[in-house]
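Here are my notes on the structure, as numbered points. Please read them with the model open.

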Amino acid sequence: MAVYAAIDVGTNTLRLLIAEAVGPDEFTVLHEEQQITRLGEGLMSTRLLQDAPRRRSLTVLRRFADLARSFKAVEVSAVCTSAVREARNGEEFVAEVWQEIGLPIRVIDGREEARLTLLGVRHGLRLGMPRILVMDIGGGSTEYVLARGEVIEGIVSTGLGVVKLTEQYLVSDPPTVDERHKLEDAVGTRIERLRRELPGLEEAQLVGTAGTVTTLAAIDLALVTYDRQKVRGHCLSLARVRQILDRLAALALRERRQVPGLEPGRADIILAGGAILAVSMERLGYHELRVSDDGLREGILLDLIRREIGRGS
């Protein structure tokens, strides 16, 4: 079967997945990796993608494109999310990637991001038809998707992003109690509206995806080396999330970077991400969530495979 590649250009992290298609809903992973480039650094105050993170991201994207070619991928699907779609110079970045690397990338809205994330989550956890609420905590936004099977009942894309919130609220090292309270108050105000936007949440199982959730799972499991098989499907309780957050918040950034399971490049934003998770669970009435290691990147790949196989049939 043919080889395909998916690239998720996120606000904080760039992710690559190269795989051989086995069928419309199955693939064999040939190569996968991710790198934090913090593309959305400084975006909150300027509404512009800054030069340094743009260059960092271009360097990684060039390497990702070269890797896809080395595996002889017949098609590469690269997708940009919150940072690029919100930046006033987002179109310039897309053009820059094409001109310098020859890689076409598309900017998707929150609804399409949620649809693709759901596709990846359901595939990774082998979910059947239960009703689920998928929570995708990102660098520039957090999406909530209420669905039964692949049928989406509701989508809410918020401006709650870990990079944005860190830059706006957590300026001390370690953050003060007052800074944490203000952050959680801001998150809570937005989450309260979610109850009206997505009714009937009490009947749905909560599933979390993306770096914040998988990192908290890795810390909970005390993983020195990340193991996606152990993280995938892990259950995180609200009480445990609060314990981990309080522990991390008491540490200076340099100390946080030494915590097993916490990627050093994520140490400065994990508190904002954890706050989004904890406040969401509290306000929406969830005592635990199931962790998905798969998400948008896998959804991009599956969507590409389905389209390409359908086109050839």
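**Notes on the predicted model**

1. Start with helix α2 (residues 51–70) and helix α4 (residues 90–101). Their axes lie 10 Å apart, and the helices pack at an angle of about 45°. That angle makes α2 oblique to α4. The crossing is right-handed. Keep in mind throughout that this is a predicted model.

2. Which residues make the contact between α2 and α4? From α2 come Arg-54, Arg-55, Ser-57, Leu-58, Leu-61, Arg-62, Ala-65 and Arg-69. From α4 come Glu-92, Phe-93, Glu-96, Val-97, Glu-100 and Ile-101. By class, the contact of α2 with α4 has seven charged, six nonpolar and one polar residue. The spacing of such lists has a simple background: an α-helix has 3.6 residues a turn, so residues three or four places apart point the same way.

3. Thr-37 sits in the loop between β3 (26–36) and α1 (43–46). Is Thr-37 buried or exposed? Its relative accessibility is 2%, so Thr-37 counts as buried. Setting aside neighbours within four places in sequence, Thr-37 is in contact with Asn-12, Leu-14, Pro-53, Arg-56, Ser-57 and Val-60.

4. Check the backbone at Arg-38. This residue is not a glycine, yet its phi is positive, about 55°. Arg-38 lies in the loop between β3 and α1. At 13% relative accessibility, Arg-38 counts as buried because the cut-off is under 20%.

5. With a relative accessible area of 30%, Arg-47 is partly exposed.

6. Next, helix α6 (residues 162–169) and helix α12 (residues 270–284). Their axes come within 8 Å and cross at roughly 110°. That makes α6 roughly perpendicular to α12. In α6, Val-162, Leu-165 and Thr-166 meet Ala-272, Gly-273 and Ile-276 in α12. This contact has four nonpolar residues, two polar and no charged.

7. The peptide bond from Asp-173 to Pro-174 is cis, with omega near -5°.

8. Glu-192 belongs to helix α7 (residues 177–197). Glu-192 is partly exposed, at 34% relative accessibility. How far apart in space are Glu-192 and Pro-175? The separation is 25 Å, C-alpha to C-alpha, for 17 residues in sequence.

9. Ala-114 is placed in helix α5 (residues 110–125). At 0% relative accessibility, Ala-114 counts as buried. Ala-114 touches Glu-143, Val-145 and Ile-155, leaving out residues up to four places away in sequence. Ala-114 and Ile-155 are 41 residues apart in sequence and 7.1 Å apart in space, C-alpha to C-alpha.

10. Finally, helix α8 (residues 211–220). How many of its 10 residues are buried? Nine are, and the helix is mostly covered. The buried residues are Gly-211, Thr-212, Val-213, Thr-214, Thr-215, Leu-216, Ala-217, Ala-218 and Ile-219. Ala-222 follows α8, with a positive phi near 55°.

Notes:
Residues numbered from 1 in each chain as written. Predicted model: local features only at pLDDT ≥ 70, side-chain atom pairs only at ≥ 80, totals over all residues. Heavy atoms only, no water. Helix = DSSP H or I, 4+ residues; strand = E, 2+ residues; numbered from the N terminus. Buried < 20%, exposed > 50% of the residue type's maximum accessible area, 1.4 Å probe, protein only. Contact = heavy atoms within 4.5 Å. Axes fitted to C-alpha atoms, helices over the stretch in contact; angles between N-to-C directions. Parallel < 35°, antiparallel > 145°, perpendicular 65-115°, else oblique. Left-handed = near helix turned anticlockwise from the far one by under 90°. Nonpolar A, V, L, I, M, F, W, Y, C, P; charged D, E, K, R; others polar.
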